[in-house]
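Reader: I am new to this structure. Please show me how to read it, feature by feature.

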Amino acid sequence: MRMIEAQLHSPRPRFRTATRVAIVGAGFSGTMLALNLLEQADVEVLLIERDRHRMGAGVAYSSSESAHLLNVRAGNMSAFADRPDHFCDWLAARGLGCDAAFVTRSTYGRYLRETLAEAMERHGRRLKLVDDEVLDIEERGGQVTLGLVNGGLIEADRAVLAIGNLPPHDPPALASAHLPSHRYIGDPWASAFEDGLPNDAPVLVIGTGLTAVDVILRLVAHGHQGSITALSRRGLRPHRHVDGLTRPRPVLARPAPELSDLVGWARTEARTQDWRLVVDSIRPITQMMWASADATKRARFLRHLRPFWDVHRHRLAPEVADRIDALLNAGQLGFRAGKIANVAVERDALAVAWRPRGETEPTVTRAARVINCTGPQGDLLRSTDPLVKRMLAAKRIRPDALRLGLDIDRDGHVVDARGAASEHILAIGPMTRGDLWEVIAVPDIRIQVGALARRLVNAHWTGGEGL
C-alpha cells in the first residue's frame, strides 16, 4: 500500500495545471472527498492514511465483529448522492443483502475499499494513496507543505483535514487517577479490551450510547457471561428502528423559534405521529437552526438536550436492539443513571463509587474491568494526536467555541489562533461539528464533501447533492 513516490518529495513542476489536493485521513470523509474530486477535471488527489488497515474505511467501518451492524438501512447508505442504488447494487451483485437490510459494518468497509480501488483503476495516476502519517502542515507561497513521519515532504495546492473523531476523553473522576491498564480501558477501539478478562468477571461500561452497545455486543460475542453495568448521567440508551414506517414529510421551515425549543416541538408533534418520523422530518433544517443559534444557545442545547436528541436521532438496528433486550431480560446487563465520584484500586477489581441520579448517597460497583464508552470527542486541547498538537502549538488551528472540534469558517477553511481563516487548509467530517452540528452520518458527510469538492475546483455553480 505504501506509495510515496519520488515526485511527492520534490516541488511541483512549474507548469503543472492540475489542482493538487492532499487529504489527511482516509476514513469515510477523506475517501468520499477523494472520489468526489476525481469526478472533476484537472484534479490530482493524494489520500494520506497512517493506518493502512483502515485505508478507505476508517475506524467506523473497520470492525470485523459480525454483531456490529450499520445503524441505517442499506438503501440509505450509498456513497454517492446521485446514485442512490449504488450500495444496494453492490450488495446484490455479491448476494450480501438488500436495501431493507442492516448489514455489518465490515461489509460497508469492504464496499468503500472496493469503490476506492475502482476509482484508482479508472483515474490512473490522478489518485495516489500515501501510507504514512502527517506531522505538520504549513502554508508557503500560495501552497501547502505537509511533513511526513518518514521525513518526506508533500507539496499541494490545498490540504484537507479529514481526521475523523478524537479518541474518548477520560471522565473527570478517572482523568487524574493512576489506574492499572488491565483494569481500565480508556479507548475501546485502540485495544482488545476482552483479552485476559475472565468470562464470569463483572464489567463496568462508562456510557450508555452507541459505543457502549458496540462494546457490550463484542464482550458477549467473545463469550463473556459476567454481569455488565452500563452507567451514564441519565442512563439513556439508543432506541430501535421500526419496520414499516412511512417516509417522513420533510420540515423545510423553522418549526420552533430557538434551537432549545426543538425538543418541546418534537414532543408535541409526536402525540399524533411516530416520534421517529418527527425527528427525521427536521433533518433538512437541523444545520440551519444550529447555524442561526449563538454560542450560548448552542451550549444550552448541548448541556440539557443533547442526550435526549442523541438517543432519538441515532438508533439501533432491530437485530441489535433485540440482543440488548435479551441481555437485559436475562439480568446480565443493566443500564444505570448516575455520576461517578471516585475510583479506588483494589487487589482484584476497581471499586467505582457513583451517586445514582436523584439520590444523595453513593453506591459502589466493583468491576474487574472498566471500559470508557463515552464515545468519540472533539476537544483539541485534550488531544494527543501529533498533527493536532503541532498545529495547535504553531497557532495554525484553534478549537471551536464549544470545543466540539476545529474552528472553521463557513467555507470549511480552518481558523487560526488569531481568528484568521486559512487560504489553503480546510477540514471536513466530524471535527467540523462545531459549525454544522450534524455531520457524522453518511448523508450529512456526503453533502459536505460534494459541496467542498466543487468549491475546490471552482465548480460550485453546479447544483445537487454530492457528485
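The dialogue below goes from the whole chain to single residues.

Reader: What kind of model is this, and how are residues numbered?

Author: This is a predicted model: local features need pLDDT of at least 70, side-chain atom pairs count only at pLDDT 80 or more, and totals for chains, interfaces and linings use all residues. Residues are numbered from 1 along each chain as its sequence is written, and side-chain values use heavy atoms, with hydrogens and water left out.

Reader: How many helices and strands does the chain have?

Author: Helices (H or I, at least four residues) and strands (E, at least two) are DSSP runs, numbered from the N terminus. Here there are 15 helices and 16 strands.

Reader: Why is the chain called as compact as a globular protein of its length?

Author: Take the radius of gyration over C-alpha atoms, then apply the globule rule: 2.2 Å times the number of residues to the power 0.38. The chain has a radius of gyration of 23 Å, close to the 23 Å from the rule for 467 residues, so it is as compact as a globular protein of that length. Along the principal axes, the C-alpha atoms fill a box of roughly 70 × 55 × 50 Å.

Reader: What share of the residues is buried?

Author: Buried means under 20% relative accessible area, exposed over 50%, partly exposed in between (1.4 Å probe, protein chains only). Of the 467 residues, 52% count as buried.

Reader: What share of the contacts joins residues 24 or more positions apart?

Author: Contact means heavy atoms within 4.5 Å. Among contacts with a separation of 6 or more, 69% are between residues 24 or more positions apart.

Reader: Which helix is a case of burial?

Author: Look at helix H2, residues 28–38. Eleven of its eleven residues are buried. Among them are Phe28, Met32, Leu35 and Asn36. The cover over the buried residues of H2 includes strand E1 (19–24), E2, helix H4 (105–123) and helix H15 (442–456). Strands E3 (127–131) and E7 (158–161) also belong to that cover.

Reader: What does arginine 50 pair with?

Author: Arginine 50 forms a salt bridge with aspartate 385, and their closest N and O atoms are 2.9 Å apart. Arginine 50 is in the loop between strand E2 (43–49) and helix H3 (86–94), and aspartate 385 is in the loop between strand E14 (369–372) and helix H13 (386–393), so the pair ties together parts 335 residues apart in sequence. Aspartate 385 counts as buried, at 15% relative accessibility.

Reader: Which aspartate meets arginine 240?

Author: The side chain of arginine 240 meets aspartate 322 in a salt bridge (3.0 Å, N to O). Arginine 240 lies in the loop between strand E10 (228–232) and helix H7 (262–269), and aspartate 322 in helix H12, so this pair ties together parts 82 residues apart in sequence. Arginine 240 is partly exposed at 24% relative accessibility. Aspartate 322 is partly exposed at 43%.

Reader: Which residues are linked in a network of salt bridges?

Author: Asp136, Glu138, Arg140 and Arg396 are linked in such a network.

Reader: Which buried arginine has no salt bridge?

Author: For charges, Lys and Arg count as positive and Asp and Glu as negative; His and the chain ends are not counted. Arginine 183 is buried yet has no salt bridge. The nearest side chain of opposite charge is aspartate 348, 5.8 Å away. Arginine 183 lies in the loop between helix H5 (172–175) and strand E8 (184–185). Not counting residues up to four places away in sequence, arginine 183 touches several residues, including Arg347, Asp348 and Val370.

Note on methods: Salt bridge = Lys/Arg side-chain N within 4 Å of Asp/Glu carboxyl O.
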